Amino acid sequence: MARRDIDRLQGEIEELFADLWQVPRFSGMRHGFRPAVDCFVTDDPHELVVVVELAGVDPASIEIGVAERTLTISGQRGRPRVDGQVYQQAEIEYGRFERRIPLGHDIAAASASAVYEAGMLRITLPVAKRASRGRAVAIVVRR
């Protein structure tokens with residue numbers, strides 16, 4: 001089995017286990033939430049674009065990094081406190097989150113950018129012609 005096939009399989013297994021925690025009977029055991037993610041590639045310019053649904057998340061709490069063909073996005077959505085609040089219904093998930101997304105492409109991480117607008121985080125990662133050997137790169141979120 002090729003290394004990329006193994007990486008893809010590992011990513012699918014990680015997603016399967018992460019999805020398990022979305023099942024209501026297990027949700028009480030989980031802390032935080034798991035934001036939805038879309039990923040797509042564009043041809044001109046050749047970029048990998050990752051869109052993350054983060055409604056209600058303070059952009060200052062978001063951390064983004066790229067290392068070894070993996071994008072990591074983490075942060076926190078805090079529950080707003082209102083004096084005298086008594087919940088009738090509570091479905092919105094709060095707390096810490098972290099998503100690790102296998103990229104499948106070599107990325108020019110130093111040229112990456114991220115924009116947070118209307119509750120959506122859009123990360124643009126230029127595809128590199130060749131793999132760069134270096135340390136992890138943090139991406140700053142613009143508002």
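Which residue in β2 is the bridge partner of Val37?

1. Basis of the model. This is a predicted model, in which local features need pLDDT of at least 70 and side-chain atom pairs count only at pLDDT 80 or more, while totals for chains, interfaces and linings use all residues. Residues are numbered from 1 along each chain as its sequence is written, and side-chain values use heavy atoms, with hydrogens and water left out.

2. Confidence. The pLDDT (the predictor's confidence in each residue, from 0 to 100) averages 84 over the chain, and 84% of the residues score at least 70. Over residues 25–29, pLDDT stays under 50, and the model has 4 contacts for them beyond four places in sequence; a contact means heavy atoms within 4.5 Å. Where pLDDT is low, the predicted coordinates should not be read in detail.

3. Overall fold. The chain contains 2 helices and 9 strands, arranged along the sequence as α-α-β-β-β-β-β-β-β-β-β. Helices (H or I, at least four residues) and strands (E, at least two) are DSSP runs, numbered from the N terminus. Of the contacts with a separation of 6 or more, 57% are between residues 24 or more positions apart.

4. The open sheet. An open sheet with mixed pairing is formed by 5 strands in the order β1-β2-β7-β6-β9. Its edge strands, β1 (37–42) and β9 (141–142), each pair on one side only. Two strands pair if DSSP finds at least two bridges between them; β1 and β2 (residues 47–53) run antiparallel and are joined by 6 bridges. The opening question is answered here: Val52 in β2 is the bridge partner of Val37.

5. A buried serine. Ser74 lies in strand β4 (residues 70–77). With a relative accessible area of 7%, Ser74 is buried, because buried means under 20% relative accessible area, with exposed over 50% and partly exposed in between (1.4 Å probe, protein chains only). Beyond its neighbours within four places in sequence, Ser74 contacts Ser61, Ile62, Glu63, Arg96, Phe97 and Glu98. In the chain as a whole, buried residues make up 33% of the 143 residues.

6. Salt bridges. A salt bridge is a side-chain nitrogen of Lys or Arg within 4 Å of a carboxyl oxygen of Asp or Glu, and the count by this rule is 2. One joins the side chains of Asp106 and Arg69 (3.0 Å, N to O). This pair links distant parts of the chain, 37 residues apart: Asp106 is in the loop between β5 (95–102) and β6 (113–117), and Arg69 is in the loop between β3 (63–67) and β4. Asp106 is partly exposed at 22% relative accessibility, and Arg69 is partly exposed at 25%.

7. The other pair. Glu98 forms a salt bridge with Arg100, with the closest N and O atoms 3.1 Å apart. Glu98 counts as partly exposed at 46% relative accessibility, as does Arg100 at 47%. Glu98 is also one of the contacts of Ser74.

8. Surface. The chain exposes about 10,000 Å², of which carbon and sulfur atoms supply 51%; accessible areas come from the Shrake-Rupley method with a 1.4 Å probe, and for residues only the protein chains shown count as cover. A nonpolar surface patch is formed by Leu9, Ile13 and Phe17, with about 280 Å² of accessible area together. Patches are made of residues with over 30% relative accessible area and no salt bridge, with like charges joined within 9 Å and nonpolar side chains (Val, Leu, Ile, Met, Phe, Trp, Tyr) within 5 Å. Leu9 is in helix α1 (residues 3–20) and is partly exposed, at 37% relative accessibility.
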